[in-house]
Amino acid sequence: MCGFLFEFSFSELSDINNFKKGLKSISHRGPDNINFLEFQNARMGHTRLSIIDLNQRSNQPLTSNNLTIIYNGEIFNYQEIKRELENKGYKFNTKTDTEVILHSFDNWGADCVSKFNGMWSFVIYNNKTKEIFASRDRFGIKPFFVFKTPNGYIFSSEIEPLTKFDYKLKINKD
C-alpha cells in the first residue's frame with residue numbers, strides 16, 4: 001500500500017509546507033521512501049511501500065520523457081503488457097508495474113486502462129503540455145480522493161492530506 005498526493009493549480013500553488021504536511025500525514029502508507037517533485041503548476045508526492053523491484057530506481061514520482069506518475073496499487077498482468085510494449089520498442093529502466101503504466105499511457109493514451117487487470121489509483125502529469133490523466137480501478141478498491149480548490153485540484157489516496165491545506169473541506173458522500 002503506497003500513498004500519493006497531487007496538487008495542480010491554474011494560477012499559483014499553495015504554501016509548500018501544507019503540501020509537505022499532507023504528504024507526511026500518509027507516511028504510514030509507504031515507509032520505504034517519501035519523495036515529491038514540483039513543477040511550475042503542479043506538485044506530486046509519493047510514499048512508497050516497496051513490493052515489486054525494491055531498487056531505489058523505482059521510487060516515485062517516476063518520470064519518463066515528459067510524463068510523471070504517482071501510483072498506488074498492483075497491475076496483475078503487467079508482465080504481459082510489458083512484453084507487448086517492448087515489442088513496440090519501449091525500453092524499461094525498472095521492473096515495476098509503475099513504469100508499465102507510464103509507457104502504456106504514452107502508447108495508448110487513456111485507453112491504456114482497458115488493458116489493466118488489477119487494482120490501482122494513479123495520476124500522470126504531462127510536464128510539457130501541463131495535462132493531467134487520473135484513473136482509479138473499476139471497483140474502487142484503491143482509494144482516490146479529489147478536492148476542487150478555487151484555483152485547481154488536489155488528489156490523494158487518503159482524505160487526511162486534504163485537511164492540511166488552507167481550504168474548507170466539504171465532503172460529498174455521494
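Predicted model: local features only at pLDDT ≥ 70, side-chain atom pairs only at ≥ 80, totals over all residues.
**View A. The largest nonpolar core has 20 residues.** Look for I69, Y71, I75, I101, F116, F122 and I124, the members that touch the most others in this core. Two or more core residues come from each of strand 5 (67–75), helix 2 (78–87), helix 3 (97–108) and strand 6 (118–126). As a general reminder, nonpolar side chains in soluble globular proteins tend to be buried together.

**View B. Here are the contacts of I75.** Leaving aside residues up to four places away in sequence, I75 touches I81, D97, I101, F116, N117, G118 and W120. I75 is also one of the residues that touch the most other members of the largest nonpolar core.

**View C. Helix 1 spans residues 16–24.** Its buried residues are N18, F19, G22 and L23. Viewed down the axis of helix 1, these buried residues fall within an arc of 135°, so they line one face of the helix. An α-helix has 3.6 residues a turn, so residues three or four places apart point the same way. At the start of helix 1, you can find a side-chain oxygen of D15 within 2.8 Å of the backbone nitrogen of N17.

**View D. N41 sits in a loop.** The loop lies between strand 2 (33–38) and strand 3 (42–48). N41 counts as buried because its relative accessibility is 12%, and the cut-off is under 20%. Its contacts, not counting residues up to four places away in sequence, are E7, F8, S9, L13, Y125 and K130.

Definitions and conventions
Residues numbered from 1 in each chain as written. Heavy atoms only, no water. Core = buried A, V, L, I, M, F, W, Y, C linked by side-chain atoms within 4.5 Å. Buried < 20%, exposed > 50% of the residue type's maximum accessible area, 1.4 Å probe, protein only. Helix = DSSP H or I, 4+ residues; strand = E, 2+ residues; numbered from the N terminus. Contact = heavy atoms within 4.5 Å. Arc of directions from axis to C-beta. Polar contact = N/O pair within 3.5 Å; in protein donor to acceptor, adjacent residues only side chain to side chain.
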